[in-house]
Amino acid sequence: MTPLLEIEGLKTHFPTANGVVKAVDGVDVTLSKGEILGLVGESGSGKSITGFSIMGLVEPPGEIVEGSVRFKGEELVGAPRERLRMLRGDRIAMIFQDPMMTLNPVLSIATQMIETVQAHRNTPRRQARKQAREALARVGIPSPDERLDGYPHEFSGGMRQRVAIAIALLHEPDLIIADEPTTALDVTIQSQILAQVQKLCADTETGLIWITHDLGVVAGLAHRIAVMYAGRIVEHGPADALLDDPRHPYTQGLIGCVPAANRRGEPLDRIPGTAPAPLNRPEGCAFRPRCTRASRTCETEPHQTRDGLRGWHCFHPVAGEVPA
Amino acid sequence: MTAFIIRRALQAVVVLFLTALIVFLGVYAIGDPLEILLPGDATEAERAQVAASLGLDQPLPVQFIGFLTDILSGDFGRSFVYNRPTIDVIFERFPATLELVVTALVLSLLIGIPLGLWAGMKPRSAVDETIMTGSILGFSLPNFWQGMMLIMIFSVWLGWLPSTGRGDTATVLSIRTSFATWDGFTHLILPAINLALAQIALVIRLTRTGVQETTPLDFVRFARARGLTERRILLVHVMKNILIPIVTVLGIEFGSLIAFAVVTETIFAWPGIGKLIIDSINALDRPVIVTYILFIVTMFIVINLLVDILYSLIDPRIRVRQP
Ligand SMILES: Nc1ncnc2c1ncn2[C@@H]1O[C@H](COP(=O)(O)OP(=O)(O)OP(=O)(O)O)[C@@H](O)[C@H]1O
Ligand code: SF4
Ligand SMILES: [Mg+2]
């Protein structure tokens with residue numbers, strides 16, 4: 001069976017005045033139907049650009065320079081713009097980080113939902129409105145019929161994000177890319193939304209890529225996790241295996257950043273140093289300047305080591321050591 | 001909404017009162033109307049008599065109250081030149097100006113918005129550079145010179161369009177308009193274009209800046225992620241956000257255009273209130289000048305109110321809610 005999504009050797013670069021920013025620099029990801037993938041990494045590691053690349057939404061001067069994105073077997077890199085438009089919002093939906101900014105402030109919720117329905121189907125207005133109302137109800141918005149005629153500024157941040165999710169769900173897509181959709185919200189709302197999205201995706205067997213910089217958020221949500229660093233996936237695998245037994249020193253460092261119940265009060269381990277500037281990445285393994293295990297070997301590019309369902313890019317993996 | 005309108009009406013009353021005061025002091029108290037009304041060789045007795053009949057022998061505050069009561073009872077005085085109520089003279093001329101200004105504004109929107117959208121979508125392209133250079137020209141050409149060039153080219157050399165006057169008008173729905181006849185329409189073209197050129201340049205700039213500020217916003221990206229067509233994103237999502245500054249600026253411009261259509265009306269001998277005020281100043285026709293100023297101020301107040309209402313229709317964030 002063809003997987004839902006196969007990304008191979010994806011490179012998305014931005015030419016700038018100071019050089020080429022390699023925002024995404026060789027990413028491989030596979031996702032099957034109904035699967036939830038957590039895409040984790042620090043700020044600037046290229047998570048959002050990976051998402052936009054899948055959607056065909058990379059803004060010029062940025063472009064996909066290499067690699068392929070296959071969605072249900074169909075190649076999306078270089079696909080006609082109209083074909084990509086038809087997939088967007090219909091088969092592949094995206095939810096953005098800042099709910100304050102994702103809805104047009106001067107158009108009513110009804111207008112924005114109905115136009116999304118009608119962008120993909122010849123649904124009569126009345127029918128489209130009904131669909132919109134049901135979608136709002138599904139994400140737990142009280143009195144959806146009234147709220148439909150409201151404007152974004154009349155909704156709280158959490159409610160706006162629910163509206164965005166409702167919009168993403170309108171056409172029951174096969175794949176949702178959620179780019180840190182809960183980061184801007186407070187913790188209780190965050191967990192409500194998390195649980196809700198998880199349930200909705202399970203109900204409809206929707207594949208989900210949940211982008212976050214917080215490993216803790218995806219720990220209980222994702223089936224699989226991919227850890228991104230400086231434009232590449234440095235480690236990926238089933239969530240449990242990756243969290244219990246990380247192989248890449250960076251993954252291990254990230255796990256140290258997650259507050260665990262039994263370690264309350266203790267300071268979090270932080271990964272020393274900062275992510276390399278995108279125009280000034282070190283040769284070989286990009287994590288080298290921050291890595292305690294680094295050696296001369298690491299000055300060359302580490303290739304992937306595979307082990308069953310998991311894989312990592314490291315010369316000196318943290319084999320079998322359970323983090324304290 | 002009601003509270004909003006009442007508040008605005010009260011503001012308007014204050015503004016009009018202050019305007020009346022300034023106009024009164026400026027035109028009535030500083031100059032001496034007797035100089036104009038009486039022949040140079042009038043005797044002291046004649047002067048005193050006329051002064052008394054006009055109330056000019058009263059103390060200033062009393063005169064002002066008299067002036068206000070006249071205005072409030074709808075009596076703005078009679079024109080010295082036309083010997084008719086000033087308000088009639090102004091309302092007779094106003095439609096011609098209004099027609100000119102509205103045509104110019106419509107032209108500036110019809111031409112300015114598409115060009116601005118085009119330039120804004122392709123920043124720094126050849127199209128953008130050309131349009132922007134053109135708009136700088138539109139801004140910087142002196143209005144009277146530009147008007148004379150239009151006459152030179154289209155009336156004198158090409159002989160396509162008439163250069164002066166309003167031409168034939170006809171009455172449609174009880175409005176006398178040049179649009180109703182072909183002759184009137186051809187007379188309207190040149191002066192309207194002359195008035196519109198700077199406005200077109202302004203609308204181009206506003207639209208272009210608006211597009212460039214709006215397209216990088218997240219909601220545009222989200223609109224793309226929802227699968228909307230580029231056409232709908234530009235014409236509905238971006239456009240509706242851009243309309244806010246355009247409406248504001250054009251609202252202000254509308255008033256100014258009416259008040260300062262003077263140059264265009266003079267060049268093209270357009271029989272509007274701009275030409276009327278120039279003629280009245282030359283003839284020292286004070287009642288007309290006073291009425292004109294009060295009329296223009298009232299018009300500005302009304303336009304501002306309309307702009308605010310339009311505004312709230314476009315932008316739900318400032319929509320005034322029913323209590
Ligand atoms: N338009 C652009 N021009 C140049 N560089 C860009 C552009 N957009 C993104 N980048 C660069 O690409 C890199 C990856 O950006 P991306 O937004 O994918 O990071 P991210 O992992 O989503 O981070 P965050 O957690 O902050 O959202 C960053 O270094 C960023 O500076
Ligand atoms: S390859 Fe070397 S530098 Fe990179 S993570 Fe592994 S040990 Fe560290
Ligand atoms: Mg991001």
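**Exercise 1. Chain B as a whole**

What share of the contacts in chain B with a separation of 6 or more comes from residues 24 or more positions apart? Work it out, then sketch the rest of the chain.

*Solution.* Before we start, the ground rules: this is a predicted model, where local features need pLDDT of at least 70, side-chain atom pairs count only at pLDDT 80 or more, and totals for chains, interfaces and linings use all residues. Residues are numbered from 1 along each chain as its sequence is written, chains are lettered from A and ligands numbered from 1 in the order in which they are written, and side-chain values use heavy atoms, with hydrogens and water left out.

Step 1. A contact means heavy atoms within 4.5 Å. Residues 24 or more positions apart account for 73% of the chain B contacts with a separation of 6 or more.

Step 2. Chain B holds 13 helices and 2 strands. Helices (H or I, at least four residues) and strands (E, at least two) are DSSP runs, numbered from the N terminus.

Step 3. The C-alpha trace of chain B spans about 85 × 60 × 35 Å along its principal axes.

Step 4. Of the 323 residues in chain B, 42% are buried. Buried means under 20% relative accessible area, exposed over 50%, and partly exposed in between (1.4 Å probe, protein chains only).

Step 5. The accessible surface of chain B is about 16,600 Å², with 69% of that belonging to carbon and sulfur atoms. Accessible areas come from the Shrake-Rupley method with a 1.4 Å probe; for residues, only the protein chains shown count as cover.

**Exercise 2. Helix α5 of chain A**

*Solution.* Step 1. The expected span is 1.5 Å times one less than the number of residues. For the 14 residues of α5(A) (residues 125-138) that gives 20 Å, and the end C-alpha atoms are 20 Å apart, which agrees.

Step 1. Ala128(A), Ala132(A), Ala135(A) and Leu136(A) are the buried residues of α5(A). They cover an arc of only 100° around the axis, which puts them on the same side of α5(A). The arc is that of the directions from the helix axis to the C-beta atoms.

Step 2. Those buried residues pack against α4 (109-118), α6 (144-148) and α7 (157-169) of chain A.

Step 3. After α5(A) comes Gly140(A), with a positive phi near 80°.

**Exercise 3. Around ligand 1**

*Solution.* Step 1. The shell has 14 residues, the closest being Ser43(A), Gly44(A), Lys47(A), Ser48(A) and Ile49(A). To be near, a residue needs a heavy atom within 4 Å of the molecule or strand.

Step 1. β1 (5-16), β2 (19-31) and α1 (47-55) of chain A each supply at least two shell residues, and α1(A) gives the most, with 3 residues.

Step 2. Now the polar contacts (pairs of N or O atoms within 3.5 Å; within protein, one must be able to donate a hydrogen and the other to accept it, and residues adjacent in sequence count only if both atoms are side-chain atoms). Oxygen atoms of ligand 1 take part in contacts with a backbone N or O atom of Gly46(A) at 3.0 Å, a side-chain N or O atom of Lys47(A) at 2.9 Å, and a polar side-chain atom of Glu180(A) at 3.1 Å.

Step 3. On its own, ligand 1 has 640 Å² of accessible area, and the protein covers 67% of that.
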